[in-house]
Amino acid sequence: MITRFALFEGHVNEGQTEAFRAAVLAEILPKWKAFPGALAVRVCFANERDEGAPELPMILAISYPDRASVDRALASPARAEAKAATEAVLSRFFTGRIHHHITEANDHVLR
């Protein structure tokens with residue numbers, strides 16, 4: 001499985017954490033879920049971090065069966081729609097940058 005992570009590095013405007021989270025889930029998540037070939041979408045909101053660690057108020061992980069599926073999703077109209085929705089929400093609540101990382105998972109399920 002291939003997972004593309006989006007790391008939102010920066011900060012949410014003071015006092016707007018709950019509004020930011022609600023806007024992400026209401027306005028952007030439906031767009032991310034529409035990516036063709038996506039198997040799972042995970043939106044993670046940070047609650048704590050190690051001292052000195054960079055501030056990452058949100059991490060997005062979208063998993064796909066293979067790299068070709070990632071490429072199709074990135075070239076799709078759904079991505080353009082998601083990008084526009086993301087920019088609209090971030091402009092209201094977030095200061096920082098987004099960087100992406102594509103990973104190959106090696107899951108080890110524990111019982």
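Analyst: Helix H3 spans residues 77–93, 17 residues in total. From first C-alpha to last it reaches 25 Å, close to the 24 Å expected at 1.5 Å a residue. That expected span is 1.5 Å times one less than the number of residues. Helices (H or I, at least four residues) and strands (E, at least two) are DSSP runs, numbered from the N terminus.

The model is predicted: local features need pLDDT of at least 70, side-chain atom pairs count only at pLDDT 80 or more, and totals for chains, interfaces and linings use all residues. Residues are numbered from 1 along each chain as its sequence is written, and side-chain values use heavy atoms, leaving out hydrogens and water.

Now the buried side. In H3, Ala 78, Ala 82, Ala 85, Thr 86, Val 89, Leu 90 and Phe 93 are buried. They cover an arc of only 130 degrees around the axis, so they sit on the same side of H3. The arc is taken from the directions from the helix axis to the C-beta atoms. The face turned away from that side carries the exposed residues Pro 77, Ala 80 and Ser 91. Buried means under 20% relative accessible area, exposed over 50%, partly exposed in between (1.4 Å probe, protein chains only).

What covers the buried residues of H3? The cover includes strand E1 (2–12), helix H1 (17–33) and strand E4 (94–104). Contact means heavy atoms within 4.5 Å.

E1 and E4 belong to an open sheet of four strands, ordered E2-E3-E1-E4, with antiparallel pairing. Pairing needs at least two DSSP bridges between two strands.
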